[in-house]
There are 2 protein chains.
Amino acid sequence: MDAKEASATDLKRPREEDDAAAAAASMETENGDQTKEPACFSSVIPGWFSEMSPMWPGEAHSLKVEKVLFQGKSDYQDVIVFQSATYGKVLVLDGVIQLTERDECAYQEMITHLPLCSIPNPKKVLVIGGGDGGVLREVARHASVEQIDMCEIDKMVVDVSKQFFPNVAIGFEDPRVNLVIGDGVAFLKNAAEGSYDAVIVDSSDPIGPAKELFEKPFFQSVARALRPGGVVCTQAESLWLHMDIIEDIVSNCREIFKGSVNYAWTSVPTYPRHVSLPFNIHGVIGFMLCSTEGPDVDFKNPVNPIDDSSSKSNAPLKFYNAEIHSAAFCLPSFAKKVIESKAN
Amino acid sequence: MDAKEASATDLKRPREEDDAAAAAASMETENGDQTKEPACFSSVIPGWFSEMSPMWPGEAHSLKVEKVLFQGKSDYQDVIVFQSATYGKVLVLDGVIQLTERDECAYQEMITHLPLCSIPNPKKVLVIGGGDGGVLREVARHASVEQIDMCEIDKMVVDVSKQFFPNVAIGFEDPRVNLVIGDGVAFLKNAAEGSYDAVIVDSSDPIGPAKELFEKPFFQSVARALRPGGVVCTQAESLWLHMDIIEDIVSNCREIFKGSVNYAWTSVPTYPRHVSLPFNIHGVIGFMLCSTEGPDVDFKNPVNPIDDSSSKSNAPLKFYNAEIHSAAFCLPSFAKKVIESKAN
C-alpha cells in the first residue's frame, strides 16, 4: 500500500455537508460564476474556510474567503486555492491549510536552514515532499549545494504552486533541482548509500497510515542514504498537543541516528503544512533534527551561516537568523523533561 | 475619562446577532435550563465560541462549547465562563478569550518570571490588572518578595476566577498580596516614587481609548514608581500582526526607560489575554521589558533563578525555565531589524 495515498484517503477532515448554513452558501469563482462552494467551506460559516480535524477535536481556525481560485482532485487529494481576506492566497489539501502567502516564510526557512546551517559545506540535498517548491527556494540560498533532488508524490501540487504561488514555486527554477514525481519511501529505498549530506522530509504525518514515515524502517532508509555526519530534518508536530507521539518519535530516532537527536520548534500563525500533515496547529511547528554517526553535529550552534547574497533570485530571509536557530531548541519545561529523557 | 471603562465599551467585537444560525441555537446552562445563548456564540456556529475582532479581520479562532457556566455583565465588560470540549474552562471578557485552563501556564509564567528573574532579590512588586490571580500565583514563587500590590478595575473578574478557576485564583491566597479594586492608571500616579522593584502590566491594549497605557505618560508613571534599576513587563501583542504599533511602543519606552529596553515573545495556543487586550493572537504573545536608570539589568541573561520549592502552595513550573527565558528575546529577522533600530 502506498502510504501517502492511504494518508490522503484516511485523514480527510469531517465534513458537514448537511449543515444548514451550507444550503444558502455559494462562492464566486475567478470567472465570476456562482458555483456550489467546496464542502470544506460549509462547516462553519458561508464565505469562511474552516480547518477542523479529528486530530484537534473541539477547535477550528477560520480564514475569510474572498474568492476560490482553484479546485481540483488529484490522484491523492483534494486541492483548493483561495484568496483569503488577510493572508493572501492559501493552499488547502484535503481540507487542511498547507501554506499562506503571508507566513510561509517561517516554515520554509526553518525546516531548511536548521539542518543546512548545522553542517559545513552541504553539497547534495534530498527533499521528500515539499511540492510547493518553498523548501527548494530556501535550499537554493546555499551556494555550496551542487545537487537538490526532490521526490514529490502529487504533480498537481507542483502545478498549482507554479500557477498561483510564483514566489514559492520559484524554487523549481534553480538549475540544481532534479524533480521526481513519485513515492518518497520508495525513492529513499533506492537511493545510493551515504549519498546525501542532508534529507528534508516535508510530507508526512505521524498518525494514520502514513505513520510509517515516523517509524524505524523509514528513519533507517534515511540514515542509510545519508553520509556519515549527515543530517535529517522532519516535521514533528506541536508540543502543545501530542507529547506522547513526539516521545515515540524521539525514541525511534535515538535508536536509529547514532549522532545527535534534537527537537526544535517555532511559531507560524496559520500552521502551514505540507502533504496531509494536520499537526502543526496552535501556531507552533516542531522539527526533529538528527545526524548519523560521523563528524559531530551540534545543531544548537550553527556552523554554516547563510550568505544571503549568494542567491540572486531570492528576496532576503524574512524569519531565520542564527539567534532564532539556537532559540528553537529551547523547550518549555513540560516538554523538555520528556524529550531530553528520550533523546539522551 | 476612565481609560479601561472606555476600552471595555469601544473594543467590543462585532456581533452578528441576526445571523441565521443563531436563531436555532440555545445553550444548556449549569442548571440544565435551555436559555438563549450568549451573543458571541452565535456568529460562527451554534455550540461553538468564536473569537473575532476588528483587530484581526478575516480570521476566527473557535472552541467547541460544552456548557456555559457563567454569564454576567460587570460595570466594565461582559463576563462569560464556559466549559470547552478540549481546553477545560475558558474565561471570556467582551467576546475575547482571556485564559483557558489548558494553556494559561505559558502566559502567566512568562509575564511574571521574565521580569522577576532578571533582577536580584525582588521585594516589592506591583501588578496592574491580572484580576484572575494567575500572575499573583507566579509572583508568589519568589521567596524574596515581601509585598505584592495588585490594582484590578473589575471585581467581577476576581470573583469569577475564585469561583471557576481555583488553580489560577490561588494567587489571591498568598498573605503578601494587597488587592485594590480600582483604576490602575490612577493607582500608579499616586504610588510613592521609587517604591517598586518590578511592575507587571497585565491589562492594556495599545489601540483604542486604552492606548494611553502604551504611551509616554503611562510609562512615565511606571518609571517614577520604580526604584533605580527596577523593571517593568507589559504585554505587547503579536509580531505577526502589528509591527508598526510595536515600533511605536519600543520608541516610547526607549525615551522613558533609561536602562534597557527589550522585546520578548513566546507561544500560547489560545492566546490568553487579560482585561480587553485583543492582541495576542496567532499563538504568539509579546512582552516589553524595560528597566530604569540604575544598576544594569541584562534581561537576556537571568540572574535570579526561581527556587521552585519555595512556594508550598504551587505546582511546579510548567513552561518557564532559564533557557526559554533567554530564547524569548531571539526575534525573527523581519522583527529584529525594526525593533533593534528603535531600542538601541
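A residue counts as buried when its relative accessible area is under 20%. By that criterion Asp202(A), with a relative accessibility of 0%, is buried. The structure described here is a predicted model. Chain A contains 11 helices and 14 strands, and buried residues account for 65% of its 344 residues.

**An annotated position**

- UniProt, in an unreviewed entry, assigns the feature "active site" to Asp202(A).
- Asp202(A) belongs to strand E11 of chain A, which covers residues 196-202.

**Surroundings of Phe287(A)**

- Phe287(A) lies in strand E14 of chain A, residues 284-291, and is buried at 0% relative accessibility.
- Although Phe287(A) and Ala236(A) are 51 residues apart along the chain, their C-alpha atoms are separated by 4.7 Å.
- Beyond its neighbours within four places in sequence, Phe287(A) is in contact with residues including Tyr107(A), Met110(A), Ile111(A) and Leu114(A).
- Further contacts of Phe287(A) include Cys233(A), Thr234(A), Gln235(A) and Ala236(A), as well as Asn262(A) and Tyr263(A).

**Strands and a helix in chain B**

- In strand E5 of chain B, residues 78-84, six of the seven residues are buried.
- E5(B) pairs with strand E6 of chain B, residues 89-93, in the antiparallel sense over five bridges.
- Within this pairing, Val81(B) has Leu91(B) of E6(B) as its bridge partner.
- Helix H8 of chain B, residues 216-225, has as its buried residues Phe218(B), Phe219(B), Ser221(B), Val222(B), Ala223(B) and Ala225(B).
- The cover over the buried residues of H8(B) includes helix H7 (184-190), strand E11 (196-202), strand E12 (226-235) and helix H9 (243-256) of chain B.

**Cysteines**

- A disulfide is a covalent bond between the sulfur atoms of two cysteines.
- The whole structure contains zero disulfides over all chains.
- In chain A, the cysteine sulfur closest to that of Cys290(A) belongs to Cys253(A) and is 3.8 Å away, which is too far for a bond because a disulfide requires sulfur atoms within 2.5 Å.
- Cys290(A) is buried, at a relative accessible area of 1%.
- In chain B, the sulfur of Cys253(B) has its closest cysteine sulfur in Cys290(B), at 3.8 Å, again too far for a bond.
- Cys253(B) is buried, with 1% relative accessibility.

**Salt bridges**

- Side chains of opposite charge can pair when their charged atoms come close.
- Over all chains, the structure has 20 salt bridges.
- Glu138(A) and Arg141(A) form a salt bridge with an N to O distance of 2.7 Å, and both Glu138(A) and Arg141(A) are buried.
- Glu323(A) and Lys336(B) are joined by a salt bridge whose closest N and O atoms are 3.2 Å apart.
- This pair crosses between chains, running from Glu323(A) in helix H10 of chain A (residues 322-327) to Lys336(B) in helix H11 of chain B (residues 333-343).
- Glu323(A) is partly exposed, at 37% relative accessibility.
- In chain B, a salt bridge joins the side chains of Arg176(B) and Asp174(B) at 2.8 Å, N to O, and both Arg176(B) and Asp174(B) are buried.
- Salt bridges with shared partners connect Glu104(A), Arg137(A), Glu138(A) and Arg141(A) into one network.

Note on methods
Residues are numbered from 1 along each chain as its sequence is written. Chains are lettered from A and ligands numbered from 1 in the order in which they are written. This is a predicted model: local features need pLDDT of at least 70, side-chain atom pairs count only at pLDDT 80 or more; totals for chains, interfaces and linings use all residues. Side-chain values use heavy atoms; hydrogens and water are left out. Buried means under 20% relative accessible area, exposed over 50%, partly exposed in between (1.4 Å probe, protein chains only). Helices (H or I, at least four residues) and strands (E, at least two) are DSSP runs, numbered from the N terminus. Two strands pair if DSSP finds at least two bridges between them. UniProt positions are given in the numbering used here, feature names are shortened, and annotations may be inferred rather than shown by experiment. Contact means heavy atoms within 4.5 Å. A salt bridge is a side-chain nitrogen of Lys or Arg within 4 Å of a carboxyl oxygen of Asp or Glu.
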